[in-house]
Amino acid sequence: MRIFSLLLISLFLTGCTYLFPQQKQAILQDQQSFSLAFEEFQESHRIEALQQLQVDFPDSVWAIKAETIILYAQELDQRKAQNKKLRATEKQLATELKQLKDNNQKLVKEVELLKNLYQESTQTIEQLKSSLIQSENHPK
């Protein structure tokens, strides 16, 4: 009798599972929206869908995850902009440095020319002094 009752109970439970199958756990709307938004983010690096998820499901765990991704994406964009500015500044400074080097070379050449001119002038003055002294020593 016991075996029969156990068999009957197990048959009854088996029948119940067949007649009333347990529903598969449906993916929640917020999780599904997150998945779609994240796929879009991976493809296009756009965060609008993730931001919309935060608006639609503000108390969801997925909204918090979306916020984290948004913050990282925004920080990355800021750093890219900073890098772009730094590269532009670096390029401008490199151009200015080249101009300064060119100007420095020109000035060095001018200084050399002025030194030569100074030496020539000094020699000419010495020659004139010598001529003056000789002319004073030999009266006419």
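Me: Why is Phe-38 called partly exposed?
Reply: Phe-38 has 28% relative accessibility. Buried means under 20% relative accessible area, exposed over 50%, and partly exposed in between (1.4 Å probe, protein chains only), so at 28% Phe-38 counts as partly exposed. By the way, this is a predicted model: local features need pLDDT of at least 70, side-chain atom pairs count only at pLDDT 80 or more, and totals for chains, interfaces and linings use all residues. Residues are numbered from 1 along each chain as its sequence is written, and side-chain values use heavy atoms, leaving out hydrogens and water.

Me: What makes Phe-38 and Phe-41 a tilted pair?
Reply: Rings of Phe, Tyr and Trp (its six-membered ring) pair if their centres lie within 6.5 Å; planes under 30 degrees apart are stacked, over 60 edge-to-face, and the rest tilted. Here it's 6.3 Å centre to centre, with 35° between the planes, so tilted it is. Both sit in helix 2, three residues apart, about one turn of the helix. (Helices are DSSP runs of H or I, at least four residues, numbered from the N terminus.)

Me: How many aromatic pairs are there?
Reply: The structure holds three. In one of them, the rings of Phe-34 and Phe-38 have centres 5.9 Å apart and planes at 10°, so that pair is stacked. Ring pairs link Phe-34, Phe-38, Phe-41 and Trp-62 into a cluster.

Me: How do you know whether Phe-34 and Phe-41 are buried or exposed?
Reply: Phe-34 is at 10% relative accessibility, so it counts as buried. Phe-41, at 15%, is buried too.

Me: What does the side chain of Ser-60 make a polar contact with?
Reply: With the side chain of Asp-30, at 2.5 Å. Ser-60 also caps the N-terminal end of helix 4, with a side-chain oxygen 2.9 Å from the backbone nitrogen of Trp-62. A polar contact is a pair of N or O atoms within 3.5 Å; within protein, one must be able to donate a hydrogen and the other to accept it, and residues adjacent in sequence count only if both atoms are side-chain atoms.

Notes:
Helices (H or I, at least four residues) and strands (E, at least two) are DSSP runs, numbered from the N terminus.
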